[in-house]
Amino acid sequence: MAEAEADIKQFLYAWLGTKKYGQPEYNIRPTGPKHKQRFLCELRVAGMDYMGAGNSTSKKDAQANAARDFCNYLVRTGEMKQ
């Protein structure tokens, strides 16, 4: 799974670069009680109104989920091919 996580983040980074958008900015913050810690990740790109969101028990997974959410948005709006 770690390989797929890195792939979606790298894919989004590369796609944004080819379209001349800014770099993705990840904002991670902890949520939930200490004994069941979760992380909420927000992904923003300069020049785009959408904010991708992801959460998970690890920061890395939360980032991958946010990148996946952002890619799904781009597909829904027709910016990116499925």
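Visitor: Which residues do ring pairs link into a cluster?

Guide: Tyr50, Phe70 and Tyr73 are the ones that ring pairs link together. Before we zoom in, keep in mind that this is a predicted model, where local features need pLDDT of at least 70 and side-chain atom pairs count only at pLDDT 80 or more, while totals for chains, interfaces and linings use all residues. Residues are numbered from 1 along each chain as its sequence is written, and side-chain values use heavy atoms, with hydrogens and water left out.

Now, what makes a ring pair? Rings of Phe, Tyr and Trp (for Trp, the six-membered ring) pair if their centres lie within 6.5 Å; planes under 30 degrees apart are called stacked, over 60 edge-to-face, and the rest tilted. Searching the whole structure turns up 4 aromatic pairs. Tyr50 and Phe70 make one that is tilted, with 5.9 Å from centre to centre and 55 degrees between the planes. This pair ties distant parts of the chain together: Tyr50 belongs to the loop between β2 (38-45) and β3 (51-56), while Phe70 belongs to helix α2, 20 residues apart.

Tyr50 is partly exposed at 22%, whereas Phe70 is buried at 0%.

The buried residues of α2 are Ala62, Gln63, Ala64, Ala66, Ala67, Phe70, Cys71 and Leu74. Here's a handy bit of background: an α-helix has 3.6 residues a turn, so residues three or four places apart point the same way. After α2 comes Gly78, with a positive phi near 85 degrees.

So what does α2 sit against? Look at the open sheet of 3 strands, ordered β1-β2-β3 with antiparallel pairing; two strands pair if DSSP finds at least two bridges between them. β1 and β3 stand at the edges with a single partner strand each, so one side of each has no neighbour in the sheet. From one strand to the next, the twist averages 20 degrees. The helix α2 packs on this sheet and touches β1, β2 and β3, its direction making about 145 degrees with that of β3. For such angles, axes are lines fitted to C-alpha atoms, for helices over the stretch in contact, and the angles run from 0 to 180 degrees between N-to-C directions.

Let's follow the strands. Antiparallel β1 and β2 are joined by 8 bridges, and Pro30 has Phe39 in β2 as its bridge partner. β1 and β2 form a hairpin with 6 residues between them, and Gly32 in the turn has a positive phi of about 85 degrees. β2 and β3 pair over 6 bridges, also in the antiparallel sense, and they form a hairpin with 5 residues between them, where Gly47 in the turn has a positive phi of about 90 degrees.

In α2, Gln63 is buried at 17%. Setting aside neighbours within four places in sequence, Gln63 contacts Lys9, Tyr26, Ile28 and Cys41. Over in β2, Phe39 is buried at 15%. The C-alpha atoms of Phe39 and Ala62 are separated by 6.3 Å, though these residues are 23 apart along the chain. Not counting residues up to four places away, Phe39 touches several others, including Ile28, Gly54, Lys59 and Ala62.

Note on methods: Buried means under 20% relative accessible area, exposed over 50%, partly exposed in between (1.4 Å probe, protein chains only). Helices (H or I, at least four residues) and strands (E, at least two) are DSSP runs, numbered from the N terminus. Contact means heavy atoms within 4.5 Å.
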